[in-house]
Every structure is written in structure tokens, then in C-alpha cells.
Amino acid sequence: MAGAVTMTADAGTPASAAPGGADTRLHGGPRPATGGPPPHDGAGHPRRIAIIGGGPGGLYAAALLKRLDPAREITLWERNAPDDTFGFGVVLSDETLGGIEHADPQVYAALQQDFVRWADIDIVRRNTRHTSTGHGFAALGRRRLLGILHERCRSLGVDLRFRTEAPDPARLAQEHDLVIAADGVHSTTREAYAQVFRPRVAGHHCRYIWLAADFAFDAFRFEIAETPYGVMQLHGYPYAADSSTVIVEMREEVWRATGFDELDEQESVERCAKIFADALGGRSLKSNNSTWTTFRTVVNERWSHGNVVLLGDAAHTAHFSIGSGTKLAVEDALALAACLHEHPDLHSALTAYEEERRPVVASTQRAARASLEWFENIGLYLDQPPRRFAFNLLTRSRRVTHDNLRLRDPHFTEAVEREFGCPPGTPPMFTPFRLRGLTLRNRVVVSPMDMYSATDGLPGDFHLVHLGARALGGAGLVMTEMVCVSPEGRITPGCTGLYTGRQADAWRRVTDFVHDRAPGTAIGVQLGHSGRKGSTKLMWEGMDEPLPEGNWPLVAASPLPYKPAGQLPRELTRAQLTDLRQEFAAAASRAARSGFDLLELHCAHGYLLSGFLSPLTNRRTDAYGGSLAKRLRFPLEVFDAVRAVWPAERPMTVRISATDWAEGGTSADDAVEIARAFAAHGADAIDVSTGQVVAEERPEFGRSYQTPFADRIRHEVRVPVIAVGAISSWDDVNSLILAGRTDLCALARPHLHDPNWTLHAAAEQGYTGPGADWPAPYRAGSRPPRTGRTDAPKPRLKLTS
């Protein structure tokens with residue numbers, strides 16, 4: 001379903017400033033924007049084109065391709081009547097409009113006449129409204145958009161066939177040079193070639209219905225209704241001077257409990273109007289063959305097959321809550337037309353089209369998925385303070401950030417910061433945080449990073465310099481790499497340990513340096529055992545590959561190698577489990593004597609304790625395998641043994657893999673229960689990572705992609721969390737902290753790139769408070785050094801002869 005929006009990622013962003021935005025290549029420069037002979041006359045410039053589907057994407061593709069080459073024969077089939085449409089309003093961002101303006105000024109001019117523009121977003125919860133401004137939306141009626149495109153296509157000579165089913169795509173492919181399948185989320189073309197396109201269609205947990213009101217909201221409005229049946233939300237926005245789109249959404253179980261599953265269309269409409277009477281001012285709602293439905297996320301492994309290509313919702317969908325359905329389809333059309341214009345043959349043109357659009361679509365789908373899941377789980381956030389809830393909603397997709405919102409609406413953002421407790425001039429990331437008896441001066445953690453630079457488990461000068469430099473760099477907490485509890489528990493021969501007194505003394509050298517020379521920075525140790533992932537080469541010699549010689553025997557929950565060619569571990573016996581508990585406790589005692597401020601138990605990434613938690617790696621049939629409660633038993637026993645010897649005033653955290661990214665593995669629901677169990681045993685925070693449990697994983701990488709797992713654990717378990725995973729900017733850290741999605745942010749690669757990352761983040765934000773105090777010897781570097789002069793005196797006089 002295309003055309004609705006609740007927050008565009010780039011609203012208000014000019015097309016010229018929007019990376020990966022709408023294609024603007026079809027204008028200016030040496031390439032003609034209209035008619036004229038194309039630069040090539042090969043198969044990349046098909047003459048006979050069939051388009052299946054008369055939505056905005058198909059129509060706009062037809063207009064662009066005909067405009068570029070009037071000699072083309074373009075036929076478009078649409079099974080509905082010209083004025084049949086579902087939904088009411090369409091929102092387009094400034095970047096998309098910029099692409100349309102450049103490619104077809106006539107269409108842009110027609111759109112401009114009908115657009116309704118506004119800048120505010122209203123968030124209403126518990127009879128309190130908070131307004132954020134500066135967002136820059138533009139909308140018009142979906143029927144009007146289609147009418148403009150119909151007129152443009154007819155004026156160019158496109159053959160539009162309404163109320164007509166398209167012929168079989170195989171037949172069209174034989175009779176035409178190019179077939180564009182723009183036939184929507186339920187694409188029959190995609191299904192006809194499913195073995196080639198390999199679509200994955202995922203359903204979700206909410207039901208929603210598209211409705212309209214006969215008045216114009218004065219802002220984009222989110223209204224949250226807490227009913228006896230559960231939480232419901234309204235998404236509303238104006239699309240004409242006297243009309244608004246209204247979408248009502250709720251989880252499936254709330255929909256059924258309310259009785260919507262037993263109501264007809266009109267009864268549903270009337271019930272929605274009653275529930276949201278305040279938002280509607282007591283007015284009624286209207287429908288247009290409106291039915292309750294669930295959103296379907298469509299992903300295809302390929303977008304083209306021979307001379308058949310997918311476009312818009314047939315190729316991909318993005319949840320209406322970020323308003324990207326029509327936007328993506330229009331941008332697809334722009335990119336496809338440009339690629340066909342630029343490439344000498346059809347194969348290279350379609351390859352270029354997919355290569356260009358796929359990363360943009362993937363990024364949008366990640367944002368849409370985050371937004372969709374936020375609304376699915378909106379009940380988790382209802383107890384947040386009101387402004388923080390509003391900020392959380394606005395930043396839910398991770399595309400709108402703290403810094404971005406501060407530029408759009410500084411007054412709103414400052415109000416959120418005050419509610420959060422930020423002292424004046426203090427970014428959220430530089431507020432302190434307390435864990436048991438330890439107060440961290442800021443929310444930045446240097447994440448554990450294996451350095452593979454020890455000899456016989458002994459940390460040396462490298463570790464002193466590596467960890468010392470990052471401690472001097474201003475982070476609130478610096479974590480060691482995974483420190484192993486036994487020689488056999490190492491991942492590689494270069495891993496550090498805490499299984500001897502000499503190792504403990506070497507670590508004391510590091511902690512003393514941090515405490516003496518970087519006061520205010522805490523240092524933590526991560527204890528772990530490699531399990532089935534041990535006895536491998538150093539990372540840069542071949543990650544996870546067995547040693548060519550000198551291997552040591554491996555142990556694990558079950559006798560399963562990590563990789564097919566890897567060493568087969570032995571299944572741990574009861575007696576060995578007892579020995580392992582003692583090894584962890586002994587290492588923890590040494591860690592306490594070494595002066596560490598915090599201890600983290602490593603139960604993630606497929607190492608020994610993680611291997612017990614995942615059903616993919618724990619196949620035991622005794623008391624330590626089977627149900628989740630049984631799989632938790634040994635990791636909890638180890639936690640208890642460590643907690644018993646770790647000083648009571650010092651905090652303990654646990655790192656978990658919240659999902660295995662593999663079918664049948666640990667799920668997000670499991671992760672909540674795992675976190676709940678550790679919290680019940682005294683864990684002070686949960687460090688929420690994902691994956692690396694099985695070699696066949698399929699992670700969904702992206703910016704801060706693991707944060708939603710931490711967010712859910714924080715709100716369901718009510719335990720502090722540490723978020724990790726592609727958090728790379730101080731803006732991300734501020735956004736996540738202020739929205740309440742995490743308490744601390746752990747960053748790894750940014751600290752490899754810049755040991756002073758935290759101090760530089762403070763300097764870039766103009767912050768000079770106690771949350772990021774520059775070491776005295778470094779204070780002269782708190783401002784960027786001057787560079788060579790690049791300006792020149794401005795001319796003052798113009799002399800004439």
C-alpha cells in the first residue's frame with residue numbers, strides 16, 4: 001500500500017543535498033531531457049514497452065520513457081478504472097519532487113498547483129499534545145496524482161488500457177522489448193517468475209485501515225488511544241484544503257479484542273471515529289472500499305529476468321509509517337529511465353538500475369522496519385515522560401536524529417533534554433550513569449575488541465598503550481577484549497587470559513595506568529571461554545580457521561564444529577562443568593585483585609556460554625539442554641559463581657546475542673527471557689549484541705541495526721542495557737540515549753579509527769563539562785589545529801580604463 005506517511009526521512013531536504021535520493025540525471029548537461037535520438041540505438045533503448053500496473057510508478061515510467069523517445073510504443077494495462085484507487089493522500093519528500101522537477105517540469109508544475117504543505121507534527125497522548133516543527137511535508141490526493149500522470153501519458157501518446165487485465169507476462173515478454181512489472185505488492189508477474197526473483201514476503205503484527213476525513217488537519221497528527229482492549233494509534237495528515245488521510249492501526253490481538261473482526265466496513269469506520277473523536281473534533285470518517293489489512297514487507301533477491309523488470313511495490317515495500325511507497329516507485333521510474341538512456345544494451349541497463357536502487361531501497365526498508373516495529377511495540381513506551389515519548393516517536397526510524405531535530409526545532413529538542421535531566425549545554429551522551437557502586441561520567445563505552453596480541457595469555461605493552469590511549473580519549477568505560485579463563489578457553493594463541501597470577505599482575509599495570517592518568521574513566525574486564533570457536537589462527541591470518549599445528553582440544557555444550565572443516569569439540573561432562581565454573585570464579589577473583597571496576601560475562605557470539613543458550617548449538621538431552629530454562633542453567637550457574645566472588649559494590653554485566661540471525665536459533669522473544677533471567681540473578685546491565693553463533697547466519701546489517709533488541713529488553717525487562725552494532729556517530733549516541741532506547745552505547749571501530757573519539761565528540765558539540773574532561777597534557781589539542789589559509793582578500797575597487 002503506497003502513499004501514506006508518518007515521517008519522511010528527508011522531509012525538507014533539497015534534492016541537491018540528498019545522497020541516494022531521487023534521480024536527477026534526466027536534465028541538463030549534454031544529455032537531452034526530451035525526445036531526440038538517444039546516444040545509442042541498441043537493446044538498451046527498447047522500442048516496444050509493456051507496463052503492467054497503472055499506479056504512480058508505472059505511469060511515471062511510461063511518461064518518462066515516452067518523453068525520452070517519442071518513437072517508442074508504450075502500452076500500459078490497468079485492471080481497475082482510471083479513478084479507482086485505494087487510500088486517499090500521497091506525501092512526497094522534497095528530494096523526490098526535485099527529481100520530478102528536473103526530469104519533467106510539466107508534471108512538477110501540475111503537482112505544485114495541488115500540493116498542501118505544512119511543517120508541524122503533533123503527537124497526542126493522554127490528552128497532552130506536543131508539537132515539533134520544521135519538517136516540511138507536501139501532499140496531494142492520490143486520485144489527483146493519478147489524474148496528472150494520466151493526462152501526461154495521454155499527451156505523450158502512451159496507450160493506456162484501463163479495466164483490462166494484462167496479458168500473461170511470458171507472452172508480453174515475447175512480443176515486447178521490455179516488460180515493466182509495476183503491479184503492486186500482490187504482483188502476479190513476480191509470482192509467475194518466483195523461482196528467478198526469489199521473493200520473501202513477511203507479514204507483521206498490526207492491522208490497519210485507510211480512511212479519510214472531510215477536513216484538513218493543521219499538522220501531521222499522531223494520536224495514541226489507550227483503550228480497555230489495548231493501544232491504538234491514528235496517523236493523520238492533510239492532502240487537500242478540506243481533506244485528510246486517516247490511518248487507524250493496532251496490534252492483531254487488540255483488533256480482535258475490540259471486535260473489529262466481526263464488524264463490516266461501515267461499522268468499523270464508525271467505531272474508529274468514536275475512538276478518535278477528540279482528534280476528529282467529533283466528525284465522521286469515510287472509507288473507499290477500505291478493509292483491515294496487515295502490512296507485507298516484500299524483498300526480492302533479483303529485480304529482473306530477461307526483459308522483465310520489477311518496479312515499485314512489486315520489487316519492494318516499505319511500511320507506510322515512513323511514507324515511502326509512492327516515493328520509492330517514482331524514484332524507481334526515474335532511475336530505470338535514466339539507466340535505459342545511458343547504457344548500450346538492455347542487460348547492462350537493468351543491471352545498473354538494480355545496482356543503483358538496491359542500496360537505497362535496502363536503507364529505506366531498514367528504516368521502515370524500525371518504524372513498523374516501533375508502532376507494533378508502542379505499548380512499551382507509554383510510561384515514558386511525555387516529551388521523551390514524542391522524541392522517541394519522531395526518531396523511531398533512526399533517520400531523524402537528535403542533531404537533525406535540534407536544527408529543525410531547537411525549542412522542542414531543548415525541552416526534551418530538560419525533561420531527561422541534561423544540565424544546560426550538556427548533550428545527552430555526557431550525562432552520568434550509575435551502575436551499582438560505579439558512576440560513569442558519560443554514556444560512551446569502548447566496546448570489547450580482540451587484539452590477538454598476547455603471548456601465553458599475558459597482556460603486554462600493546463595492551464597498555466591500546467587501552468590506555470582509549471581511556472585518555474574520554475570514554476566513560478573502557479572494556480578489555482574477551483579475557484579467557486583457561487589456556488584451552490582462548491580463541492587464538494594471541495588471546496589474553498586471567499588464569500595465572502602473572503597475568504593478573506600484568507592487568508594491574510593497565511588498570512593502574514587508567515586510574516592514575518585517566519581519572520574519571522572506568523575500566524572493565526570481559527571474561528569468557530571460546531568453546532567450539534577456539535584453537536584458531538589470528539584474525540588477520542585466517543579468521544575462525546584451525547591452527548595448522550599446536551591445536552588444543554575444544555569443549556562445547558554439544559559436539560558440533562563451528563565450521564564444517566573446523567575441529568570437533570567434545571561435549572562437556574558434569575564434572576567438566578564444575579571445573580569450568582571454578583575457572584570462571586578464579587579468573588573473576590584475579591580480575592578483582594587486578595583493579596577492574598566492572599566485570600562482564602561473555603555469553604554471546606557462539607563462545608562457550610553462548611553455545612549453551614542457543615538451540616542451534618545446544619543439543620544436550622540432560623538438565624543443561626532442551627527448553628530455554630534448561631539451556632540457561634549452566635550460564636546462570638557460572639554467573640552466580642562469579643557474582644559470589646566479585647566485590648559486591650562493583651557492577652556485573654552480561655553480553656548476549658539477542659538473535660542468531662538463523663532459522664531455529666535464538667529469537668528476540670528468547671533474548672528477553674534470557675535477559676530477564678540474568679537480571680533476576682543480579683546482572684546490573686545487559687550488553688545486547690547479536691549473531692556470530694553459527695557460521696550460516698544471515699545478519700541484517702545497517703546503521704545501529706542491533707539497537708532494537710536492546711530497546712525491547714530495556715523496556716520489557718526494566719534493566720539497563722548497553723547498545724552495540726554500527727553506532728558510529730555522536731549524533732547516534734545522543735539520539736539513542738535521549739529516546740530511551742539504551743542507557744549506554746558501546747562503539748568499537750570508531751575507537752580504532754580515533755582513540756580520542758569521545759573527546760572529539762565533545763569538542764564538535766562545543767561541550768566542555770565534566771562528562772568529557774581533556775587530560776591536562778592534551779588540552780592544547782581540544783581545538784582543531786589551524787590549516788593553511790584558503791581565502792583571499794575580496795576585491796574592493798573596480799578600475800576602468
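This report describes selected salt bridges, strands, loop residues and a charged surface patch in a predicted model.

Residues are numbered from 1 along each chain as its sequence is written, and side-chain values use heavy atoms, with hydrogens and water left out. Because the model is predicted, local features need pLDDT of at least 70 and side-chain atom pairs count only at pLDDT 80 or more, whereas totals for chains, interfaces and linings use all residues.

**Salt bridges**

The structure holds 45 salt bridges, a salt bridge being a side-chain nitrogen of Lys or Arg within 4 Å of a carboxyl oxygen of Asp or Glu.

| Pair | N to O distance |
|---|---|
| E73 and R48 | 3.3 Å |
| R207 and E252 | 2.7 Å |
| R369 and E373 | 2.6 Å |

The salt bridge of E73 with R48 has its closest N and O atoms 3.3 Å apart. This pair links distant parts of the chain, with E73 in strand β2 (residues 73–78) and R48 in strand β1 (residues 48–52), 25 residues apart. Helices (H or I, at least four residues) and strands (E, at least two) are DSSP runs, numbered from the N terminus. For accessibility, buried means under 20% relative accessible area, exposed over 50%, and partly exposed in between, with a 1.4 Å probe and protein chains only. On this scale E73 is partly exposed, with a relative accessible area of 48%, and R48 is partly exposed at 35%.

The side chains of R207 and E252 also meet in a salt bridge. R207 lies in strand β10 (residues 199–213) and E252 in helix α8, so the pair ties together parts that are 45 residues apart in sequence. R207 is buried, its relative accessible area being 18%.

A salt bridge within one helix is formed by R369 and E373. Because they are four residues apart in helix α12 (residues 346–376), R369 and E373 are separated by about one helical turn. R369 counts as partly exposed at 33% relative accessibility, and E373 counts as partly exposed at 25%. Elsewhere, salt bridges that share partners join R126, E226, D383 and R718 into one network.

**Strand β7 and its partners**

Five of the five residues of strand β7 (residues 137–141) are buried, so β7 is largely enclosed by the rest of the structure. Strand pairing requires that DSSP finds at least two bridges between the strands. Strand β3 (residues 89–91) runs antiparallel to β7 and is joined to β7 by three bridges; within this pairing, V91 has A139 as its bridge partner. Strand β4 (residues 116–118) likewise pairs with β7 in the antiparallel sense, over three bridges, and R117 stands opposite A138.

**Strand β28 and its partners**

In a regular strand the side chains alternate between the two faces of the sheet. In strand β28 (residues 744–747), L744 and A746 point one way and C745 and L747 the other way, and all are buried. Strand β19 (residues 444–446) pairs with β28 in the parallel sense over three bridges, V444 standing opposite C745. Strand β27 (residues 721–723) is also paired with β28 in the parallel sense, over two bridges; here the bridge partner of I722 is L744.

**Loop residues with positive phi**

R398 has a phi near 75 degrees, a positive value in a residue other than glycine. R398 lies in the loop between α13 (386–394) and α14 (402–408) and counts as buried at 12% relative accessibility. H605, also a residue other than glycine, has a positive phi near 65 degrees. The loop that holds H605 runs between β24 (598–603) and α20 (608–613). With a relative accessible area of 8%, H605 is buried.

**A patch of negative charge**

D264, E265, E267 and E270 gather in a patch of negative charge on the surface. Such patches are made of residues with over 30% relative accessible area and no salt bridge, with like charges joined within 9 Å and nonpolar side chains (Val, Leu, Ile, Met, Phe, Trp, Tyr) within 5 Å. Asp and Glu count as negative and Lys and Arg as positive, while His and the chain ends are not counted. D264 lies in the loop between α8 (252–258) and α9 (265–275) and counts as partly exposed at 43% relative accessibility.

Definitions and conventions
Areas by Shrake-Rupley, 256 points an atom, 1.4 Å probe, with all protein chains shown as cover. Charge placed at Lys NZ, Arg CZ, Asp CG, Glu CD.
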